[in-house]
Amino acid sequence: SLHILEQQGLISVAESVYTPSRVKFIVDRETLYNFQLINPKSDALIKLILRTAQGVMEGYVQIKESELAKSLKVSFAEIQQQLNYLKKAELLDYTP
């Protein structure tokens, strides 16, 4: 059994399960639009999420930061930074 192999130090078994990142906008469309006007750096990411993550205004939607980064031609870290910025601005809930 795997438990015996783990006890002998031959393998390591992790119990964690991969859970994809999730986002949900927590403001109405007018508030979001006004934010986009005064924060043009976030505009492209917000538009991309709205276009590709159907239902993101109503509930949580799975996202792939790597695909967002590829679409916007920025780094994975930049996408995470922008998502965290939007979370701190209380526009969306982001669970990496």
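Let's start with a pairing. Strand 1, residues 21–25, and strand 2 run antiparallel, joined by three bridges. Within that pairing, V23 stands opposite V61 of strand 2. One caution before I go on: this is a predicted model.

Three strands make it up, in the order 2-1-3. The sheet is open, and the pairing is antiparallel. Which strands sit at the edges? Strand 2, residues 61–63, and strand 3, residues 92–95. Each of those edge strands pairs on one side only. From one strand to the next, the twist averages 30 degrees.

What packs on the sheet? Helix 5, residues 76–88. Helix 5 touches strand 1, strand 2 and strand 3. Its direction makes about 135 degrees with that of strand 3.

Next, a pair of helices. Helix 3 covers residues 40–52, and helix 4 covers residues 65–72. They pack at an angle of about 120 degrees. Their axes are 11 Å apart. Why call helix 3 oblique to helix 4? Because 65 to 115 degrees would count as roughly perpendicular and over 145 as roughly antiparallel, and about 120 degrees makes the pair oblique. The crossing of the two is right-handed.

Which residues make that contact? From helix 3, look for A44, L45, L48, I49 and T52. From helix 4, look for L68, S71 and L72. Sort the residues of this contact by type, and you get six nonpolar and two polar. None is charged.

That's the tour. Thanks.

Note on methods. Residues are numbered from 1 along each chain as its sequence is written. This is a predicted model: local features need pLDDT of at least 70, side-chain atom pairs count only at pLDDT 80 or more; totals for chains, interfaces and linings use all residues. Side-chain values use heavy atoms; hydrogens and water are left out. Two strands pair if DSSP finds at least two bridges between them. Helices (H or I, at least four residues) and strands (E, at least two) are DSSP runs, numbered from the N terminus. Axes are lines fitted to C-alpha atoms, for helices over the stretch in contact, and angles run from 0 to 180 degrees between N-to-C directions. Contact means heavy atoms within 4.5 Å. Angles under 35 degrees count as roughly parallel, over 145 as roughly antiparallel, 65 to 115 as roughly perpendicular and the rest as oblique. A crossing is left-handed if the near helix is turned anticlockwise from the far one by less than a right angle, and right-handed if clockwise. Ala, Val, Leu, Ile, Met, Phe, Trp, Tyr, Cys and Pro count as nonpolar, Asp, Glu, Lys and Arg as charged, and the others, Gly among them, as polar.
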